[in-house]
Amino acid sequence: MNSTLVIIPTYNERQNIGRLIPLILEKDETIEVLVVDDSSPDGTADVVKALQKRDGRVRLIERPRKDGLGKAYVHAFKHALSCGFERIISMDGDFSHDPMYLGRMMTLLDAHDVIIGSRYAMGGGTENWSIWRRILSRAGNMYAGMVLSMPISDYSAGFVGYRAEVLKAIPLDQIRSEGYSFLMEMKFWSACLGFNLVEMPIVFTERRQGRSKISRAILFEAIWVVWRLRLKVPAQAAMIRRGHGKG
Ligand SMILES: Nc1nc2c(ncn2[C@@H]2O[C@H](COP(=O)(O)OP(=O)(O)O)[C@@H](O)[C@H]2O)c(=O)[nH]1
Ligand SMILES: [Mg+2]
């Protein structure tokens with residue numbers, strides 16, 4: 001496998017994105033970067049366009065308004081598949097996900113279908129998070145674990161690598177969830193479709209520049225979405241697997 005697209009959804013990440021992209025590109029010459037920007041008022045897209053002039057490995061999708069993480073990712077995943085990328089990695093644009101992990105994630109994707117950059121796997125962790133964020137994230141992950149029972153510890157991880165086959169198999173058009181529920185939905189679909197998910201420990205560092213865009217409503221959306229997923233996804237995934245002759 002030798003083509004990798006790193007997808008970064010952005011909303012008001014001007015202070016971060018210009019420094020982050022070069023660090024990603026220098027990790028491997030086969031990496032390309034796709035920024036999906038929701039017309040950030042701070043001009044994030046202008047910074048990306050300036051980088052594009054210097055490096056042909058930078059792509060940009062501009063969406064007309066802030067429309068949530070889930071829709072931005074679905075748009076980007078479709079773009080990645082239509083361009084034939086073999087590995088697709090999702091990553092935040094605020095330095096919470098350190099590009100130093102990319103090499104290992106790409107290597108692991110040679111042998112596994114989905115790699116989760118996990119804060120809660122042995123050796124992982126969080127830095128500079130308030131006690132409130134830590135409790136909320138832990139509690140959310142324990143709750144998701146009780147409802148979805150996948151063999152993973154970080155359900156809301158946003159630093160995730162997929163082999164293209166996984167994204168091709170997931171019915172992306174049906175995905176409606178936003179924020180953290182979207183991240184959980186992608187993992188649940190992957191597991192129900194029979195793909196193999198492996199956690200890679202990472203240390204997640206809270207952003208130093210800009211502000212979190214995840215609203216309280218998006219946070220609480222996850223409480224009922226996990227139940228919807230549990231009721232809906234396994235049966236649909238079984239039908240898709242039968243269609244592909246996977247059993
Ligand atoms: N395109 C797009 N990106 C978003 C949206 N909401 C958040 N992001 C980006 O998604 C990433 C994670 O969001 P962030 O606010 O850091 O969430 P947190 O780390 O959970 O506090 C960052 O790169 C954000 O700029 C959105 O509605 N649209
Ligand atoms: Mg963040």
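**View 1. Ser39, found in the loop between strand E2 and helix H2, in a predicted model.** Although Ser39 is not a glycine, its phi is positive, at about 50 degrees. Most residues other than glycine have a negative phi. Ser39 counts as partly exposed, because 14 other C-beta atoms lie within 10 Å. A second residue of this kind is Phe95, whose phi is near 70 degrees, again a positive value in a residue other than glycine. Phe95 belongs to the loop between E4 and H4, and because 21 other C-beta atoms lie within 10 Å, Phe95 counts as buried.

**View 2. The surroundings of ligand 1, where 20 residues form the shell.** The closest of these residues are Pro9, Ala72, Gly93, Ser212 and Lys213. The elements that contribute two or more residues to this shell are strand E1 (4-10), strand E2 (31-37) and helix H3 (69-82). Sorted by class, the shell around ligand 1 consists of 9 charged, 6 nonpolar and 5 polar residues.

View 3. The residues of H1 that are buried are Arg14, Asn16, Ile17, Leu20, Ile21 and Ile24. An α-helix has 3.6 residues a turn, so residues three or four places apart point the same way. The cover over the buried residues of H1 includes E1, E2, helix H2 (44-54), strand E3 (58-62) and helix H4 (102-108).

**View 4. Helix H2, with a buried side and a face turned away from that side.** Thr44, Ala45, Val47 and Val48 are the residues of H2 that are buried. They cover an arc of only 155 degrees around the axis, and therefore they lie on the same side of H2. On the face turned away from this buried side, H2 carries the exposed residues Ala50, Lys53 and Arg54. Among the elements that cover the buried residues of H2 are E1, H1, E2 and E3.

**View 5. Thr44, a residue of helix H2.** Thr44 counts as buried because it has 27 C-beta neighbours inside 10 Å. Leaving aside residues up to four places away in sequence, Thr44 touches Thr10, Asn12, Glu13, Arg14, Ile17 and Asp37. With one of these, Asn12, the separation is 32 residues in sequence and 6.0 Å in space, taken from C-alpha to C-alpha.

**View 6. Helix H3 and the elements that cover its buried residues.** The 14 residues of H3, at 1.5 Å a residue, should span 20 Å, and the C-alpha atoms at its ends are 20 Å apart, which agrees. Leu69, Gly70, Ala72, Tyr73, Val74, Ala76, Phe77 and Ala80 are buried in H3. What covers these buried residues includes E1, E2, E3, strand E4 (87-90), helix H6 (164-169) and H7. Just after H3 comes Gly84, which takes a positive phi of about 80 degrees.

**View 7. Ile7 of strand E1 and the largest nonpolar core.** This core has 69 residues, and those with the most contacts inside it are Val6, Ile7, Val33, Ile88 and Met184. The element that gives the most to the core is helix H7 (residues 179-192), with 9 residues. In soluble globular proteins, nonpolar side chains tend to be buried together. Ile7 counts as buried because 26 other C-beta atoms lie within 10 Å. Not counting residues up to four places away in sequence, Ile7 touches Leu34, Val36, Tyr73, Ala76, Ala80, Ile88, Ile89, Ser90 and Met91. Gly140, in contrast, is 133 residues from Ile7 along the chain, and the C-alpha atoms of these two residues are separated by 25 Å.

**View 8. Arg133, whose place is in helix H5 (residues 131-148).** Arg133 counts as partly exposed, because it has 13 C-beta neighbours inside 10 Å. Between Arg133 and Glu206 there are 10.0 Å in space, C-alpha to C-alpha, while the two residues are 73 residues apart in sequence.

Notes: Residues numbered from 1 in each chain as written. Chains lettered and ligands numbered in written order. Near = placed C-beta within 6 Å. Helix = DSSP H or I, 4+ residues; strand = E, 2+ residues; numbered from the N terminus. Nonpolar A, V, L, I, M, F, W, Y, C, P; charged D, E, K, R; others polar. Buried ≥ 20, exposed ≤ 12 C-beta atoms within 10 Å, placed from the backbone. Contact = placed C-beta atoms within 7 Å. Arc of directions from axis to C-beta. Core = buried A, V, L, I, M, F, W, Y, C linked by C-beta atoms within 7 Å. Expected span 1.5 Å × (residues − 1).
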